[in-house]
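Please look at the sequence and the structure below. The paragraphs after it go from one pair of side chains to the interface and then to the individual chains.

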Amino acid sequence: MTATLEAAAPTPAAGEIPSFTVTLRIRRFNPEVSEEATWQDFTVEAHGTDRILDALHKIKWDEDGSLTFRRSCAHGVCGSDAMRINGRNRLACKTLLKDVNPEKPITVEPIKGLPVVKDLVVDMEPFFASYREIMPFLITSGNEPSKERYQSPEDRAKFDDTTKCILCAACTSSCPVFWTDGQYFGPAAIVNAHRFIFDSRDEGGSQRLEILNDKEGVWRCRTTFNCTEACPRGIEVTKAIQEVKRAMITRAF
Amino acid sequence: MQTHQYDVVIVGAGGAGMRAALESSKEARTAVISKLYPTRSHTGAAQGGMAAALANVEDDNWEWHTFDTVKGGDYLVDQDAAEILAKEAIESVLDLERMGLPFNRTPEGKIDQRRFGGHTRDHGQSAVRRACYAADRTGHMILQTLYQNCVKQDVEFFNEFYVLDLITDHDLTTEEIADGEEVNATGVVAYDLATGEIHVFQAKAIIFATGGAGKIFKTTSNAHTLTGDGMALAYRRGLPLEDMEFFQFHPTGLAGLGILLSEAARGEGGILRNSEGERFMERYAPTIKDLAPRDIVARSMANEVREGRGAGPNKDYVLLDLTHLEPAHIDAKLPDITEFARTYLGIEPYTEPVPVYPTAHYAMGGVPTNIQGEVLRDGVNVVKGLYAAGEVACVSVHGSNRLGTNSLLDINVFGKRSGRAAAEYSKTASFHDLPEDPTVRVVAQLDEMRNRPDGERVADIRKALQDTMDLNAQVFRTGDSLNAALADIRELQKRYRNASVQDKGKLFNTDLLEAIELGFLLDIAEVTVVAAINRKESRGGHYREDYPNRDDAHYMLHTMAYRRPTAASDEAEGHVEGYFDHVEEFDGYKVVLGSKPVIQTRYEPMERKY
């Protein structure tokens, strides 16, 4: 079924948001019902400002309550609803229908490389396990200062980009190396290592670099830039990985 | 069914829950149960800052902060708690910095601070730079930093577990319990979303840190998951809820969507304008203008729209103007919210003003606690071993209107306090026996919902609830509008008994959990509206057009709402004839209102002008 933008309708009344119909082609999987995943089409009425998440909600709330996906904040900050939309990893709540060609069926699948639990829900544990492995916390020695540690705005800026990560897994699950080798730390873990390696207050850089120098570490990165494209927070992921690689070469540890 | 035993069980893994966990897990065997992965919690959506009188950029002190908090809350604040909040703010910010939080910095490398609504120097002289921040993603940084430290400390999490019942050793809904008699919280019952299995957690101490209930409204900045679970569970088990009529509407939600645009936009120089381009806040708050507290700004905006000066084709919003700010300044200080305007409304804030309208944001009320975070079962007696912190709780540091940046502060100060208190208590306490089958209520509730073959759609009932709350219990309220809301809620409660879900499975059944959450929303909306009907005055976030003035003579009291069986007494503690004596009968139970005194220490109530 093809969606049609109702552009031909008479000029909408002031303030009226034009609506259109759109088809979502969703990858369904429910192990209680079948071992096989299947595609299912749903056609819903949508408004100009609606996002993929709004369309998924319409389906779940009005048509098929069993459609299963994660979501929470609905505006791109909690990282719950990363999914593969028209073949690209995005957040459902940050992707407007009108921006992904609603004239053709929009495909919606779970992110790749992590075990599918049900419909669009994947098991995030392997992802968080990699994150935990790179020691994602400030490491310091000596006594705690009585006031704050000082940090210049310039030093603060060095890791600003990687502090934006919301752990949605869009980058890691867009990485072809991760798809073929689930042992690979993946971009998100490296981004979070970067956030501390380049923090002037941190003293655990060499430990983290050692972890990432592992055969499943940064050197597996093939610089395909999928991760940078996928990041809904606009983090320059590939650049961060390159900076970590460079630190490994230049810093003695 | 699986059973677990922990010294301390924390319900909720947002800012308050994880801050508590960092304290209690050092001292006691602790589990954190959360219906979301911790980093998904809505603390992460907070933007503007966390107040603390560090005086890093200009003269400031905690006493001014206390005064602002008390005045901002329209004097319904418990002043002993506000003093703790403002004093301990400083250490709380430093704690976070030492944990690694990447605050924005001053040129000399200290934590930078900026202006925020209602925060002033010297008791209202002018706006003061008190909010410590990290761009406009301070909440994100707090949530990440707390989670990082939980990883470091190896805190034990049960993620995507929904707590659906609180177990106590006395049935507070039916038993008459004498003053001073010991009542203990003994455990919680949780549902594992992934498997559909029921888990019982026996604990010496339990901390509720489940967050807010913004989804009782349609237009809200809150996440889909903020359904008042902790509040509703406590209330159903016979515990009171305090000050539920006070709900904060944040002035600047993206028009039509409710997505939050931080007050920091105004702190950094943004201006609200009506359709005529007028900076209308000059009329409503001549001294601090756009940086007046949220209740005043939200009401002023709604009033502009009502009087025909709204912008846009339907004249139904006002404009947040950032166009006079340097794009580089916007990028450095407000990157996320400007991106929201671009993504969701296609507006470029460098050159175009952003359409905004008030959005339901924060519950000032909640589960009453004392300053240690211990939950009260009436005006004075605590439930031993039960604590609450963050938005679910009412200490009350926010009174009838919370100041911006005081919630990130609240979760840190009272999260820490409750974590410490719970761990300390668990060292001397022992486990109490659980009832024979502690899961009986939860299992019955889930089975009934799952097995009802066909019925009303959950989404339809929820939408009707949110519509009536937006229409009748928002920024402007009257006795008539609130009674209309209550009539709708009664009807929806009936319809809910006939609601059914389509997903009948065990695994990851979000359909079923949305239905359970709707039950929480209905109960919370109901008690909110009943409390609002009773309070015939206007104060802070609760504005009654039929009673436009604050009435300290009769209403300088916290509302305490109890849900009781129909046969129980109509008088609750703090009963005041003619003012706090409201009883509302429902099918099978009633809501009885009482009161609790407001603690005043150094500040006499004054008229609130800015």
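B:Glu160 has 9% relative accessibility, so it counts as buried (under 20% relative accessible area, with exposed over 50% and partly exposed in between, using a 1.4 Å probe and protein chains only). The side chain of B:Glu160 meets that of A:Arg70 in a salt bridge, 2.6 Å from N to O; the term stands for a side-chain nitrogen of Lys or Arg within 4 Å of a carboxyl oxygen of Asp or Glu. B:Glu160 lies in the loop between β6 (156-159) and β7 (161-168) of chain B, and A:Arg70 in the loop between α1 and β3 (82-85) of chain A, so the pair joins two chains. Helices (H or I, at least four residues) and strands (E, at least two) are DSSP runs, numbered from the N terminus. A:Arg70 also counts as buried, because its relative accessibility is 15%.

This is a predicted model, in which local features need pLDDT of at least 70 and side-chain atom pairs count only at pLDDT 80 or more, while totals for chains, interfaces and linings use all residues. Residues are numbered from 1 along each chain as its sequence is written, chains are lettered from A and ligands numbered from 1 in the order in which they are written, and side-chain values use heavy atoms, with hydrogens and water left out.

Now consider the interface as a whole. How many residues of chain A are in contact with chain B? There are 68, and they touch 61 residues of chain B, where contact means heavy atoms within 4.5 Å. The area buried between the two chains is about 5400 Å², and carbon and sulfur atoms give 50% of that area. Buried area is the accessible area (1.4 Å probe) that two parts lose on being put together, summed over both. A:Trp61, A:His75 and A:Glu148 supply 12% of the area that chain A buries against chain B, more than any other three residues.

Side chains of opposite charge can pair when their charged atoms come close. Between chain A and chain B the count is six salt bridges. B:Glu97 forms a salt bridge with A:Arg201, with the closest N and O atoms 2.9 Å apart. On the side of chain A that touches chain B, α1 (52-63), β6 (116-118), α2 (125-133), α3 (153-157) and α5 (187-197) of chain A each supply at least two residues. The most come from α1(A), which gives six residues.

Other salt bridges lie within one chain. B:Asp570 forms a salt bridge with B:Lys590, and their closest N and O atoms are 2.5 Å apart. B:Asp570 sits in the loop between β21 (557-564) and β22 (583-586) of chain B, and B:Lys590 in strand β23 (residues 589-597), so the pair ties together parts that are 20 residues apart in sequence. B:Asp570 is partly exposed at 38% relative accessible area, whereas B:Lys590 is buried at 2%.

Chain B also contains helix α11 (residues 406-428). Its 23 residues should span 33 Å at 1.5 Å a residue, and the end C-alpha atoms are 33 Å apart, which agrees; the expected span is 1.5 Å times one less than the number of residues. Of these 23 residues, 19 are buried, so α11(B) is largely enclosed by the rest of the structure. Between β18 (393-394) and α11 of chain B is a loop that holds B:Ser396. A cis peptide bond joins B:Val395 and B:Ser396, with omega about 10 degrees.
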